[in-house]
Structures are given as structure tokens and as C-alpha cells.
Amino acid sequence: GQSVHLLVIADGESSRFSNKDEKSKKILISKRNEALEKAGKIIGFKSIENLNYPDNRLDSIELLDLIKEIEKRVLNYKPKLVLTHYHSDLNIDHRKINEATLVACRPLPGQCVKEIIFFEVPSSTEWQIDPGKVFSPNYFFDISATIEKKLNALKCYQEELREFPHPRSLKAVKNLALWRGSISGLNYAEAFIIARKIT
């Protein structure tokens with residue numbers, strides 16, 4: 001029921017295929033962007049913007065540069081709610097995006113962002129083994145009516161999907177939603193952590 005504007009920071013491909021030539025990398029990034037557009041139409045994003053920073057290398061980008069990119073979108077869209085990665089994901093890009101988002105959305109007087117929540121990413125969030133950094137959700141959203149739509153959107157990313165029992169398989173993603181539902185009294189749910197909520 002929300003108008004959702006998606007900001008994708010990294011290209012998601014360039015680090016995986018370092019042995020490929022530049023033309024091949026561009027083709028893979030283009031395919032990923034096409035999948036993003038298709039999935040976005042299924043989900044119903046109002047806008048999608050992709051900055052195409054290098055994948056798994058956001059720790060080599062000045063944090064201030066990332067903050068400024070996010071701040072630009074906050075000023076433009078004036079969101080009340082911002083969703084971002086969990087701060088202890090195994091993926092370095094996720095951690096840097098979380099950090100930049102929290103700075104860009106800091107609660108200064110006049111800040112439009114009133115709520116920040118962290119989401120989990122299969123094959124990144126649950127692979128964190130430090131007991132003090134394990135994802136412990138405190139907010140559950142019922143997706144029983146939209147689980148099939150979400151899975152159809154995920155099918156657009158054939159290059160990303162793996163065979164079960166990999167956590168990024170369709171079966172594992174559906175089972176995660178079933179598990180999150182079962183621990184919150186729902187059929188299917190997505191789980192989040194409320195990082196900040198100002199009312």
C-alpha cells in the first residue's frame with residue numbers, strides 16, 4: 001500500500017567475474033538490470049534507480065560519497081519510512097549501505113524519515129555467526145496474500161537463484177517466509193528489525 005522508490009547502490013556482478021573481459025561484465029550487468037526492471041514491475045515499485053557502484057567494493061568508496069547519494073534521494077522523495085540492510089550482514093556492501101543510510105537519515109530537526117527498519121537477505125544475513133550480531137526480528141509483516149507475487153519477482157533473477165538447499169533457492173525463500181509466519185502467528189511473513197521509529 002506504500003509508494004516505493006528503490007535505490008540500488010552496487011551493480012551486483014562486477015566482483016564475481018573478475019576474470020571476464022569488460023564487454024562480458026557489461027552484458028552481465030545489463031542482464032541483471034533487466035531482471036531488476038522486470039521484478040520491479042511485478043512488485044509495483046514507483047521508481048527504480050541503479051547507481052552501479054562496483055560490487056563488493058563499497059568499502060573502497062568514501063563513506064561520505066555514499067551518504068550524499070542517499071541524502072539526495074531522501075531530499076527528493078521525502079520518505080517517512082526507509083528500509084535498509086541489516087548492519088551485520090556478511091556482505092560488506094550491505095554493511096556500508098546500512099551505515100551510510102543511518103547517517104543520511106539521522107534524526108535532525110525537520111528530518112522527514114520517521115522510521116528505519118532493517119531487512120534480512122538470504123545467504124548474507126543468516127550466515128553471520130557472531131552471537132551478538134545475529135538477526136533478531138521484532139517486526140513481522142503478513143505477506144500471505146503476496147507470497148506468490150514475490151516469488152515470481154524473484155524468478156526474474158535466474159542468475160542469482162541456486163538449487164535447494166541453498167538459502168537463495170525459491171524453496172528456501174518460501175520456507176523462510178513460512179518460518180517467519182509461523183513464529184508470528186501468520187501463514188507467511190517477512191521479518192524486520194525496527195531500528196528507529198519516531199511518532
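Predicted model: local features only at pLDDT ≥ 70, side-chain atom pairs only at ≥ 80, totals over all residues.
Trainee: Where does helix α3 lie, and at what angle does it run to β3?

Mentor: Helix α3 (residues 92–104) lies across β3 and β4 and runs at about 150° to β3. The angle is taken between N-to-C directions on a scale from 0 to 180 degrees, with axes as lines fitted to C-alpha atoms, for helices over the stretch in contact. Residues are numbered from 1 along each chain as its sequence is written, and side-chain values use heavy atoms, with hydrogens and water left out.

Trainee: Why are α1 and α4 called roughly antiparallel?

Mentor: Helix α1 (residues 22–43) and helix α4 (residues 147–155) pack at about 170°, with axes 8 Å apart. Angles under 35 degrees count as roughly parallel, over 145 as roughly antiparallel, 65 to 115 as roughly perpendicular, and the rest as oblique. The pair is therefore roughly antiparallel.

Trainee: Which residues make this contact?

Mentor: Ala 39, Ile 42 and Ile 43 of α1 meet Lys 149, Lys 150, Asn 152 and Ala 153 of α4, contact meaning heavy atoms within 4.5 Å.

Trainee: What makes β3 and β5 edge strands?

Mentor: Four strands form an open sheet of mixed pairing, in the order β3-β4-β6-β5. Two strands pair if DSSP finds at least two bridges between them; β3 (81–85) and β5 (139–142) each pair on one side only.

Trainee: How many bridges link β3 and β4?

Mentor: Five bridges join β3 to strand β4 (residues 115–119), in the parallel sense. Within that pairing, Val 82 has Ile 116 of β4 as its bridge partner.

Trainee: Why does the radius of gyration agree with a compact globule?

Mentor: The rule is 2.2 Å times the number of residues to the power 0.38, with the radius taken over C-alpha atoms. For 199 residues a compact globule would have a value near 16 Å, and the protein has 17 Å, so the two agree.

Trainee: What share of the residues counts as buried?

Mentor: Of the 199 residues, 38% count as buried, that is, under 20% relative accessible area, against over 50% for exposed and partly exposed in between (1.4 Å probe, protein chains only).

Terms used
Helix = DSSP H or I, 4+ residues; strand = E, 2+ residues; numbered from the N terminus.
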